[in-house]
Amino acid sequence: AILAQGRQGAGGCGSRLIGAMSGGGRSPPLAPESQCGHARVRLAGTMVALSVAVICFGIIVPMLPEVQIEYFRRATDCRLSGETACASQASTAYGITQSLSSLGVLLLSPYYGKHSDSHGRRPFLCAGLFAQVLPFLALCTWNKDVRLFYVLQALAGFAPAPNAILFTVVADRVSPTERLQSFGCGAACIFAAFSLGAGFSALLQPLLGAGGLLRASTFTAVAASVVAMVLLPETLPAGNQHEQPRVVRSKSLARILVVPDSSRNEELLRSIAAVGLLSLLPEAGTTTIALFYAKARLHLSEQEVSSLGAHMFCIVGAGGFLWQTVGIAGLRRLCPSTLWVYQVALVANLLHMLGYVVLWAPWVLLLNAAFAGGPLAQPTILRGLVSEALPADVQGYGSGVLSSVEAACRVVAPTLFSGLFFAGGEVGMPWLPFGAGTCFVIAGSLLAASSFERLGVAEAKAGSESLLAA
């Protein structure tokens, strides 16, 4: 769908349309058709390589709890306090690592996004891909000691965020009215690849063992990432290179939220950032503790958790794929406002949190995974909303700001939800973090309704109030 959007791409393909959208009337010369075709082929090869890498990550992720718990069982005396203690310690350590990684994204994503608008997308995406695969390569090489994995995983957050740059690449190639569905298609490819990887993990673990499968998946992911770096074309319009963005002036998430600004662009970013901070927080925390929670609540072994996690991630990936394609496309046709579509995703998020609260059997966890597509679609919907409203020459900056919003949630959520999980386990209430997540989702929905009014979107506000009433 992205590649079929006409003569857009590297070296000025389609840059007249992009210049018109920026409002400045610039019309850089179009690249020859052969050059545009070459850029499309390179971009197609990049997407295939990235899909292979995501499949490998889908294989690896369900095995991470088993690797971490096994390390803490060997290196500490947690086994003397029971299996739940080892799971809690591993969950806390991984949560702190994710928080530190997200801190780097929070601080630096607007900076990287702003400079990708003037210096190109390719160098930032390559640096981000390298930083993402390095921790897993270390885990594969020194899988008996996860400390180096934790350090490299934390440092990876201070590199450019690949997802932010990838969405900007898509925005470079499509018109504003088509960006939400194009973002959905791109995210759907990621979910489909991840779901496929999780399925492979469940099938191949009994055959290859966790260690062999981890090594094979990691080296394949590294090779695919290298191929993607080599093939990736530059999609930034030639007329925008070495120019500074001219519309949005704030340089950090904190300044956007705090410093008053009368421009509509700043008001839009401020409202979306505030809503996103509340509504994205629960899913960011759930991702960190879900499998540890399942082990403690259902009294499962490490092997059972690994197998259940593979099946759960497979369902989550399939649900994310359906939401990003059929869900977004259908809701976009039914709803004139993207903000109203976001409220529907919030309803799915609320049901997802409640499903964890009442968890009593493994099949309930798998059924609840079907609702995860809505929460996982929220960042895509927010990106579509912001990208539709911002000019072409600040797309990277807008995407960077939204990455900061996601990172702020990931900084707070893993430590917060891991702490609530640990405290809840001590008093016999392991569901405590998901009860708190339910409250966050409701608060985000209420704030979204008031944000609609400030933005003057009457039909979206009416739809939001109807959903809240239901």
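## Helix α7

Of the 12 residues of α7, 11 are buried, so this helix is largely enclosed by the rest of the structure. The buried residues in α7 are Pro-162, Ala-164, Ile-165, Leu-166, Phe-167, Thr-168, Val-169, Val-170, Ala-171, Asp-172 and Arg-173. This description, like the others below, refers to a predicted model.

The helix covers residues 162-173. Its end C-alpha atoms are 17 Å apart, which agrees with the 16 Å that 12 residues should span at 1.5 Å a residue.

## Overall composition

The protein chain contains 17 helices and zero strands. It has 470 residues, of which 57% count as buried. Taking contacts between residues at least 6 apart in sequence, 79% join residues at least 24 apart.

The chain exposes about 18,200 Å². Carbon and sulfur atoms supply 68% of that area.

## Nonpolar surface patch

Ile-96, Leu-100, Leu-103, Leu-107, Trp-142, Leu-148, Val-151, Leu-155 and Phe-158 make a nonpolar surface patch of about 820 Å². Two elements, α4 (83-119) and α6 (147-156), each give two or more residues to the patch. Helix α4 provides the largest share, with four residues.

Leu-155, one of the patch residues, lies in helix α6. Its relative accessible area is 52%, and Leu-155 is therefore exposed, given that the class begins over 50%.

## Tyr-94 in helix α4

Helix α4 also holds Tyr-94. In contrast to Leu-155, which is exposed, Tyr-94 is buried, with a relative accessible area of 13%.

Not counting residues up to four places away in sequence, Tyr-94 touches Leu-64, Gln-68, Phe-149, Tyr-150 and Thr-288.

## The salt bridge

The structure holds one salt bridge. Its partners are Glu-406 and Arg-383, whose closest N and O atoms are 2.8 Å apart. Glu-406 lies in helix α15 (residues 395-426) and Arg-383 in helix α14 (residues 373-389), so the pair ties together parts that are 23 residues apart in sequence. Side chains of opposite charge can pair when their charged atoms come close.

Both partners fall under the 20% cut-off for burial. Glu-406 has a relative accessibility of 13% and counts as buried. Arg-383 counts as buried at 3%.

## Gly-425 in helix α15

Helix α15, which contains Glu-406, also contains Gly-425. Whereas Glu-406 counts as buried, Gly-425 is partly exposed, with a relative accessible area of 44%. Gly-425 and Ala-296 are separated by 129 residues in sequence, yet the distance from C-alpha to C-alpha is 8.3 Å.

## Helix α11 and its kink

Helix α11 is made of 33 residues, 302-334. From its first C-alpha to its last it reaches 45 Å, close to the 48 Å expected at 1.5 Å a residue. The helix has a kink of about 35 degrees, centred on Trp-323.

Ser-201 is part of helix α8 (residues 179-231). With a relative accessible area of 0%, Ser-201 is buried. Apart from neighbours within four places in sequence, Ser-201 is in contact with Gly-58, Ile-59, Pro-62, Met-63, Leu-213 and Ala-310.

Leu-43 counts as buried at 1% relative accessibility. Between Leu-43 and Leu-231 there are 7.0 Å from C-alpha to C-alpha, and the two are 188 residues apart in sequence. Leu-231 falls in the residue range of α8, the helix that also holds Ser-201.

How values were computed: Residues are numbered from 1 along each chain as its sequence is written. This is a predicted model: local features need pLDDT of at least 70, side-chain atom pairs count only at pLDDT 80 or more; totals for chains, interfaces and linings use all residues. Side-chain values use heavy atoms; hydrogens and water are left out. Buried means under 20% relative accessible area, exposed over 50%, partly exposed in between (1.4 Å probe, protein chains only). Contact means heavy atoms within 4.5 Å. Accessible areas come from the Shrake-Rupley method with a 1.4 Å probe; for residues, only the protein chains shown count as cover. Patches are made of residues with over 30% relative accessible area and no salt bridge: like charges are joined within 9 Å, nonpolar side chains (Val, Leu, Ile, Met, Phe, Trp, Tyr) within 5 Å. A salt bridge is a side-chain nitrogen of Lys or Arg within 4 Å of a carboxyl oxygen of Asp or Glu. The expected span of a helix is 1.5 Å times one less than its number of residues. The bend at a residue is the angle between axes fitted to the seven residues ending there and the seven starting there.
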